[in-house]
Amino acid sequence: MAKVEQVIPATPAQVWAALADGWTYSDWVVGTVHIRDVDEAWPAPGSRLFHKAGPWPFSLHDGSRVIESEPERRLVLRVGIWPIGEATVAMTLTPHGTDATHITFVEEPVAGPFKWVHTKLNDLVLHQRNRESLRRLADVASRQKAAAEKTTS
């Protein structure tokens, strides 16, 4: 299991807006290079987004499905990267002061070779990847926050 945490300088509503826009996932999820489609209901439970991961010509086409969704609080995904396997990713948002969010990001392999060869090295790699993903998510949320403030002023 790889767990990372970060404080993002945006409110839970602003961070949630970034998470709720499935088309931005390739902007912040390390390894996802293209979003092919997003269900209209995203991020409602059962909805899916379809992505391409990895460099060409070795790209893998797969998808992610929402397992649990509590707006501005929690999003749990079942992420596919077959033939490598599947993982569960849980993101929990907690207010941090008046204008920031503490986010906890936990990824756990649950199926396929990814789970079978689960090692401390894999956890370290996932930890570093997910730390970078949170940095990128902070950038996306900050960018969306700035755009929203620009349109209201």
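Visitor: Trp28 first: buried or exposed?
Guide: Buried: in this predicted model, Trp28 has a relative accessibility of 1%. The cut-off for buried is under 20%, so Trp28 qualifies.

Visitor: And what about Tyr25, buried or exposed?
Guide: Tyr25 is buried too, with a relative accessible area of 4%.

Visitor: Where do Tyr25 and Trp28 sit relative to each other?
Guide: They are both in helix 2, residues 25–28. Because they are three residues apart there, about one helical turn separates them.

Visitor: How many aromatic pairs are there?
Guide: The count is two. In one of them, the rings of Tyr25 and Trp28 have centres 4.9 Å apart and planes at 50 degrees, so that pair is tilted.

Visitor: What does Tyr25 do with Trp42?
Guide: Tyr25 and Trp42 make an edge-to-face aromatic pair, with 5.6 Å from centre to centre and 90 degrees between the planes. Tyr25 belongs to helix 2 and Trp42 to the loop between strand 2 and strand 3, so the pair ties together parts 17 residues apart in sequence.

Visitor: Is Trp42 buried or exposed?
Guide: Trp42 is buried, as is Tyr25. Together, Tyr25, Trp28 and Trp42 make up one aromatic cluster.

Visitor: Switching to the sheet: what is the strand order?
Guide: The order is 1-7-6-5-4-3-2, in an open sheet of seven strands with antiparallel pairing. Strand 1 (2–8) and strand 2 (32–38) are the edge strands, each pairing on one side only.

Visitor: How many degrees does the twist average?
Guide: From one strand to the next, the twist averages 25 degrees.

Visitor: What packs on that sheet?
Guide: Helix 1, residues 12–20, packs on the sheet and touches strand 1, strand 4, strand 5, strand 6 (86–95) and strand 7 (101–111). The direction of helix 1 makes about 155 degrees with that of strand 6.

Visitor: How many bridges join strand 4 to strand 5?
Guide: Six bridges, between residues 60–70 of strand 4 and residues 74–80 of strand 5, and the two strands run antiparallel. Within strand 5, Leu75 stands opposite Ser69.

Visitor: One more residue: where is Ser59?
Guide: Ser59 is in the loop between strand 3 (48–53) and strand 4.

Visitor: Which residues does Ser59 touch?
Guide: Leaving aside residues up to four places away in sequence, Ser59 touches Lys52, Ala53 and Gly54.

Visitor: And how far apart are Ser59 and Thr32?
Guide: They are 9.4 Å apart in space, C-alpha to C-alpha, and 27 residues apart in sequence.

Key
Residues numbered from 1 in each chain as written. Predicted model: local features only at pLDDT ≥ 70, side-chain atom pairs only at ≥ 80, totals over all residues. Heavy atoms only, no water. Pairing = 2+ DSSP bridges. Helix = DSSP H or I, 4+ residues; strand = E, 2+ residues; numbered from the N terminus. Axes fitted to C-alpha atoms, helices over the stretch in contact; angles between N-to-C directions. Contact = heavy atoms within 4.5 Å. Phe/Tyr/Trp six-rings, centres within 6.5 Å; stacked < 30°, edge-to-face > 60°. Buried < 20%, exposed > 50% of the residue type's maximum accessible area, 1.4 Å probe, protein only.
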